Amino acid sequence: MTNNYIINIGRQLGSGGRQIGQLLSKRLSVSFYDKELIALASKQSGLKKEVFEEADEKKRFTLTGGEFSNNYLWNEMLFKIQSDVILDLANKKSCIFVGRCADYILRDHPRVLNVFITAELDDRVARVKELFGLPDKKALDVIGKTDKKRAGYYNYYSNKQWGAAESYDRCIN
């Protein structure tokens with residue numbers, strides 16, 4: 001292992017977790033990875049970026065077009081590729097990762113801090129409304145669906161509970 005340190009951020013939609021990660025990245029002068037991991041996994045694997053975008057943080061992904069008939073193996077392969085990218089980056093330099101089970105993937109890294117960021121639902125709705133220009137009801141619906149998707153992905157691949165305090169070193173509201 002290296003002397004690099006890693007900060008992994010899990011977050012609820014609208015909690016500001018991505019923005020907090022970006023601010024920490026600038027303040028600490030370390031690399032920040034969220035959706036950027038999709039492009040890196042695509043480049044490393046030779047698979048289209050759209051394949052990773054479609055499967056992003058979903059526990060079940062059904063490939064259309066008949067390229068692979070065994071979706072279980074396909075999902076596992078995509079997770080493995082993304083995991084390899086995360087491991088490779090963590091071994092090369094200090095990083096901040098947002099989502100994608102990075103805390104689970106880097107569970108054996110000696111210098112890691114796992115954080116979960118949450119916020120009151122009213123604050124999250126206001127933030128999502130502002131970010132995406134959505135009305136209240138639609139913002140609430142998007143939050144519910146996104147958090148459910150993130151929880152399913154995290155719980156499936158990590159065998160831990162997304163958002164549960166015991167799954168993280170720090171939980172911040």
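In what order do the elements of the protein run from the N terminus on? The elements run β-α-β-α-α-α-β-α-β-α-α-β.

**Figure 1. Overview of the predicted model.** The protein has seven helices and five strands; helices (H or I, at least four residues) and strands (E, at least two) are DSSP runs, numbered from the N terminus. Of the 173 residues, 45% are buried, where buried means under 20% relative accessible area, exposed over 50% and partly exposed in between (1.4 Å probe, protein chains only). This is a predicted model, in which local features need pLDDT of at least 70, side-chain atom pairs count only at pLDDT 80 or more, and totals for chains, interfaces and linings use all residues. Residues are numbered from 1 along each chain as its sequence is written, and side-chain values use heavy atoms, with hydrogens and water left out.

**Figure 2. The aromatic pair F79 and Y153.** The protein has eight aromatic pairs; rings of Phe, Tyr and Trp (its six-membered ring) pair if their centres lie within 6.5 Å, and planes under 30 degrees apart count as stacked, over 60 as edge-to-face and the rest as tilted. The F79 and Y153 planes stand at 65 degrees, with ring centres 6.1 Å apart, so this pair is edge-to-face. F79 lies in helix α4 (residues 71-92) and Y153 in helix α7 (residues 136-158), 74 residues apart. F79 is buried because its relative accessible area is 11%.

**Figure 3. The stacked pair F79 and Y157.** Here the centres are 3.9 Å apart, with 10 degrees between the planes. Both F79 and Y157 are buried. Ring pairs link F79, Y153, Y156 and Y157 into a cluster.
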